Amino acid sequence: MKSPVNLIIALFLSVQVCSQHTLLQIENQHIFQSQDQDLLAPLSKFFDEEALLSDTYNSLMLQSLASLSFESAEHRSRELLSYLVQHFAHLDSDLYWPNIIMLLEQNEMKEALHYFRKLPAKEISSDSEKEMLFGYTLFATKNFQEAQLSFERLRNSENKYSTTACYYSGMCSYYLGDFEKAAALLSQVDDVSPYDNYTPRYIAQIYLSNQKWLIAAQYIENQPENSKEKLNDLLGQCYFQLEDYQNCVIAFDNYTSQAKLERNQQFQYAYANYKERNLNKSEVLFNQLALQGDVLSFWSNYFLSTIYYDQNKPNKALAALRELMAFNKEQKFKENIIYNAGVMAYETGDYRSSLRYFTDVKDAPSYSSRAIEYIANILKRSDDVDHSIEYIETKLKADRFASSYTDLLVRSLWKAFQEGNDVLLKKRYENILKRETSQISIETATLVYGQSLLQQNQPKEALDILNTLKYPSQYEQEFNYNKAFAYRQLNQTENELKYLEKVLAENASTDPLHTEVMPLRITELLLQKKSFKQAAEYMHYYTQNTSKVSDYALYLSTYIYRNLFQKEAYLDALSTLVSTYPDSPYSEGLHMVEIEELIASGKSNLAESKLKEMTLSTSPNVAGEAYLKLALLEYNQGQIKEAIRLYKRVVEINSPNAQKVIAISALKEIYLSDIKETDAYFSYIEENTDYEISSLSKDSIQFHAAKEYYNAAEYHKAIIHLESYLNQYNKPIFTIEANYMIAESYALLKEYVASVPYYKNVINKSQNTEYQSSVKKLALIYLNNLQNYEEAKILFTQLYADESITDAIRLEIAESILFCSLKTQDKALISLYSQNIIDHPLSATELKGKCYYHKAKLIQDTDPTEAIALFSEAIRAVPLHSNIHAESSYTIAELLYSIGDAEASERQCLAAIKSAQSHPKWVAKSLLLLSEIYLSQQDYLNAKASALALKENYTQDPILLEKADNILQEIDAQNTPSSERVLEANTIEFKDINDDKGQ
């Protein structure tokens with residue numbers, strides 16, 4: 001019989017596994033967690049033994065236990081332990097220990113500590129396992145001081161829990177505020193698993209609590225990467241305190257990719273982004289903190305307001321400032337915030353927002369006068385005049401700002417004029433006229449509006465507006481000038497001249513408009529009238545009032561003096577023009593006028609003599625131009641070498657750069673096009689000029705030199721030089737063009753095989769200007785010259801897919817693909833492109849008929865009914881006497897017979913015989929089929945007549961003749977009277993017996 005003591009022993013043995021499991025958890029976990037396991041199952045089995053029932057005392061105990069509700073094995077174990085402790089602990093204190101283990105497994109630390117305290121202290125301190133569990137229970141219930149005593153005893157003695165105890169002793173010091181000791185203890189296990197997962201954070205936090213920001217940052221930075229990732233929030237705090245906002249942002253960025261920051265850390269994160277000008281990111285972070293009503297919310301709204309100012313979001317900025325007002329309900333404080341916002345916006349040039357803020361406080365006693373002053377300044381300084389006008393009209397008392405309002409209207413008028421906003425300009429003009437405003441404002445508005453109408457090419461309307469002012473005006477000269485411009489648009493020369501002369505007569509200013517522009521325009525108008533004397537007077541006025549006479553004015557002078565026959569003045573003006581403005585378009589060629597006249601009159605020798613004299617001039621410009629003219633004369637006379645020498649002289653002397661460019665261009669043309677010596681050209685340029693011919697330029701020149709042979713139809717030479725070009729450069733610029741020209745050259749020389757790889761080189765470079773042509777030409781070479789129908793088909797199909805080709809070309813390509821498909825017996829493509837041709841809008845009727853024929857041929861063995869329909873379409877489309885018509889007619893008869901319609905087949909045979917007289921083969925086959933039909937109908941007479949007609953008129957096909965003989969033999973064997981129907985053989989005409997079209 002087992003006694004209660006036996007039960008205790010069994011219970012103790014059953015929970016040893018629990019004890020070891022719990023200690024293992026403490027060693028390998030930072031936070032204790034119970035496991036849902038029935039670790040006390042052995043005990044429940046003990047109570048199932050029948051031996052217990054013999055003991056009366058235990059029977060009573062079991063009866064009591066039987067009344068308990070066991071929901072699970074775990075529940076049963078717990079109920080059992082509770083029962084034993086309650087009824088038997090007074091007999092044996094060992095019952096407390098398994099109960100403690102059970103409570104620890106259930107994570108009921110306070111209850112476990114209650115029973116721990118019932119154990120003798122000596123029992124706990126003498127057993128390292130119990131001491132460890134006791135210390136941990138104290139630690140879990142936050143009895144850190146008492147727990148540290150247990151951990152210190154374990155740490156300072158030799159046992160297997162000394163390392164674990166060191167860690168927890170350090171944690172006790174941390175929670176007790178003894179950070180120095182905590183750091184020392186935790187550092188001892190900083191690299192020991194599993195504590196190295198936790199100690200870095202506590203050590204870093206200790207440094208942070210002691211404000212050792214730099215040491216903490218260095219400590220975290222030196223951690224392994226996997227540990228550092230978990231400490232980036234602390235690292236961000238360190239860099240924040242060190243004001244290293246760039247690294248602060250990086251650390252917090254790394255941390256937030258895995259976890260969420262605390263509020264104070266998020267504020268630091270937001271502020272660091274703000275300092276680094278990551279305003280969008282800081283805005284998001286501050287917004288997440290702005291609505292909590294605490295200090296962080298206050299400062300978040302403060303920085304949000306500054307961010308919104310920076311981002312030009314005044315509405316949001318004002319909303320943030322109003323959030324700040326929630327921290328102080330006094331009206332004065334609110335006005336102060338808005339007023340300060342207005343000042344800040346004003347100082348940053350954000351006048352629109354500033355105007356809105358000051359308008360909100362303009363009637364506040366403390367800020368009214370200052371706000372109104374700011375508003376007035378804003379209206380004067382703001383470029384946003386239209387917004388300012390709108391604000392006066394809707395938000396302010398217009399009478400208080402009447403002067404500013406008028407000024408703004410005029411400014412808006414000018415702005416609308418400059419921007420070409422004609423609708424707004426008209427609105428502003430009408431608004432100014434309605435107001436009681438100054439005359440100068442009305443004049444300004446009228447002038448500007450009139451100018452805008454001129455810009456809109458409405459001269460008549462402009463004149464109507466400009467003429468509304470009938471009295472002297474400050475802008476009278478401008479009014480008259482604009483009227484002149486209006487008459488110019490109306491082609492009223494007299495009125496334009498009238499107002500221009502009026503402006504010029506009444507104005508003595510030095511404005512270029514009056515001293516230069518108008519005199520020249522008046523001169524032009526007078527020249528149109530052929531008033532040369534008056535024109536000369538205004539030209540004199542121009543020259544007297546202008547410091548430097550323009551080339552155009554000198555040109556007009558030469559025109560005037562020539563028409564006034566004032567030769568000396570003409571030559572003087574001409575000389576002045578050429579010498580003062582040698583590069584002017586008005587003086588171009590004037591110094592060569594005499595030379596040109598000599599050449600035109602056939603006095604080339606005299607012209608050449610004068611040009612040689614000009615080459616001796618000290619003026620590089622004159623000498624250079626003379627050499628150029630001489631070189632051209634020699635070139636035109638076929639003296640190529642002399643022309644080269646003279647052009648080189650232009651390069652050698654100190655002639656203007658423009659002349660050198662002309663000479664070099666001429667040399668290039670001669671070397672490349674006339675004598676085709678590209679290398680000589682390169683050598684000369686590199687040795688005698690400052691020009692550097694890059695490999696890029698050489699590449700281009702070499703190609704175009706080779707291209708000349710191609711253009712001249714010298715195809716053998718073109719091939720040699722183009723291939724040399726391709727081989728000379730690593731990556732020739734004109735690779736595609738060169739390959740195409742070589743391919744074309746070979747093709748034109750009828751060397752088709754040689755052209756193939758070059759066409760392929762072009763095609764392989766994908767889409768280019770020669771791509772389509774190369775595909776088509778190579779396809780035609782494969783088709784017509786090399787009879788490679790498979791390759792031709794591939795290329796034609798590739799070209800057919802090009803969306804850029806015309807409908808006519810697409811039809812042509814489809815025909816070529818169909819032809820190649822027929823040659824290669826590609827049934828799928830025969831069917832597809834036959835249908836494509838049928839559907840094409842440009843297909844001729846006969847072409848469609850051929851396609852119906854090819855489609856029918858494909859399916860005549862598999863779908864005779866559809867084939868009959870397609871052959872019928874072919875017959876309707878192709879010419880009556882064509883082979884396709886004959887074959888289709890016969891094949892329809894054959895298909896009708898195959899599907900059992902002998903009567904229709906007979907009619908079709910007769911029709912085929914009639915229409916196929918030019919094609920003996922199909923007449924013969926129709927006769928044979930007709931004979932077979934009659935034989936099947938036992939019409940022996942007609943069957944025999946048909947067979948005999950075949951034999952008598954067609955001898956080309958032994959097989960047909962043999963079939964006819966077989967029918968005749970079968971008829972003779974029947975020896976049966978024939979029906980009355982007789983087919984007269986002599987009614988059938990066989991034409992072109994030797995014609996092989998149907999073969």
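**Figure 1. Salt bridge between arginine 645 and glutamate 642 in helix α39 of the predicted model.** In this predicted model, arginine 645 and glutamate 642 form a salt bridge in which the closest N and O atoms are 2.6 Å apart. Both residues belong to helix α39 (residues 640-652), where they are 3 residues apart, or about one turn of the helix. Arginine 645 has a relative accessibility of 44% and therefore counts as partly exposed, and glutamate 642, at 27%, also counts as partly exposed.

**Figure 2. Salt bridge between glutamate 152 and arginine 155 in helix α10.** Glutamate 152 counts as buried because its relative accessibility of 15% is under the 20% limit, whereas arginine 155, with a relative accessible area of 24%, is partly exposed.

**Figure 3. Salt-bridge network of Glu496, Arg521 and Glu524.** Glutamate 496 forms a salt bridge with arginine 521, and their closest N and O atoms are 2.8 Å apart. This pair links distant parts of the chain, since glutamate 496 lies in helix α31 (residues 493-506) and arginine 521 in helix α32 (residues 512-528), 25 residues apart.

**Figure 4. Edge-to-face aromatic pairs of tyrosine residues.** A search of the whole structure finds 35 aromatic pairs. In one of them, tyrosine 245 and tyrosine 271 are arranged edge-to-face, at 5.6 Å centre to centre and with 70° between the planes. This pair links distant parts of the chain, with tyrosine 245 in helix α17 and tyrosine 271 in helix α18, 26 residues apart; tyrosine 245 and tyrosine 271 are both buried. Tyrosine 710 and tyrosine 715 also form an edge-to-face pair, for which the values are 5.9 Å centre to centre and 65° between the planes. Tyrosine 710 is buried, with a relative accessible area of 18%.

**Figure 5. A cluster of aromatic rings.** Ring pairs join a set of phenylalanine and tyrosine residues into a cluster, whose members are Tyr136, Phe139, Phe144, Phe151, Tyr167, Tyr168, Tyr174, Tyr175, Phe179 and Tyr202.

**Figure 6. Helix α16 and the helices that cover it.** Of the 10 residues of helix α16 (residues 232-241), 9 are buried, so the helix is largely enclosed by the rest of the structure. The buried residues of α16 are Asn232, Asp233, Leu234, Leu235, Gly236, Gln237, Cys238, Tyr239 and Phe240. What covers them includes α13 (199-209), α14 (213-221), α15 (225-230), α17 (245-256) and α18 (263-275). Glutamate 243, which follows α16, has a positive phi, near 60°.

**Figure 7. Phenylalanine 116 in the largest nonpolar core.** The largest nonpolar core holds 84 residues, of which Phe116 and Phe286 touch the most other members. Helix α11 (residues 162-175) contributes the largest share of this core, 7 residues. When residues up to four places away in sequence are not counted, phenylalanine 116 touches Trp97, Ile100, Leu104, Ile124, Lys130, Leu133, Phe134 and Thr137. A second, separate core has 67 residues, among them Ala747, Ile837, Ile868 and Ile892.

**Figure 8. Histidine 840 in the loop between α49 and α50.** Histidine 840 is placed in the loop that joins α49 (827-839) to α50 (845-859), and this residue is buried, with a relative accessible area of 8%. Leaving aside neighbours within four places in sequence, histidine 840 is in contact with Asp807, Arg810, Leu811 and Lys848. The C-alpha atoms of histidine 840 and leucine 811 are separated by 7.0 Å, although the two residues are 29 residues apart along the chain.

**Figure 9. Nonpolar surface patch around tryptophan 299.** Val295, Trp299 and Tyr302 form a nonpolar patch on the surface, and together they have about 300 Å² of accessible area. Tryptophan 299 lies in helix α20 (residues 295-310) and is partly exposed, with a relative accessible area of 38%.

Methods. Residues numbered from 1 in each chain as written. Predicted model: local features only at pLDDT ≥ 70, side-chain atom pairs only at ≥ 80, totals over all residues. Heavy atoms only, no water. Patch = residues over 30% accessible without salt bridge, like charges linked within 9 Å, V, L, I, M, F, W, Y side chains within 5 Å. Areas by Shrake-Rupley, 256 points an atom, 1.4 Å probe, with all protein chains shown as cover. Salt bridge = Lys/Arg side-chain N within 4 Å of Asp/Glu carboxyl O. Helix = DSSP H or I, 4+ residues; strand = E, 2+ residues; numbered from the N terminus. Buried < 20%, exposed > 50% of the residue type's maximum accessible area, 1.4 Å probe, protein only. Core = buried A, V, L, I, M, F, W, Y, C linked by side-chain atoms within 4.5 Å. Contact = heavy atoms within 4.5 Å. Phe/Tyr/Trp six-rings, centres within 6.5 Å; stacked < 30°, edge-to-face > 60°.
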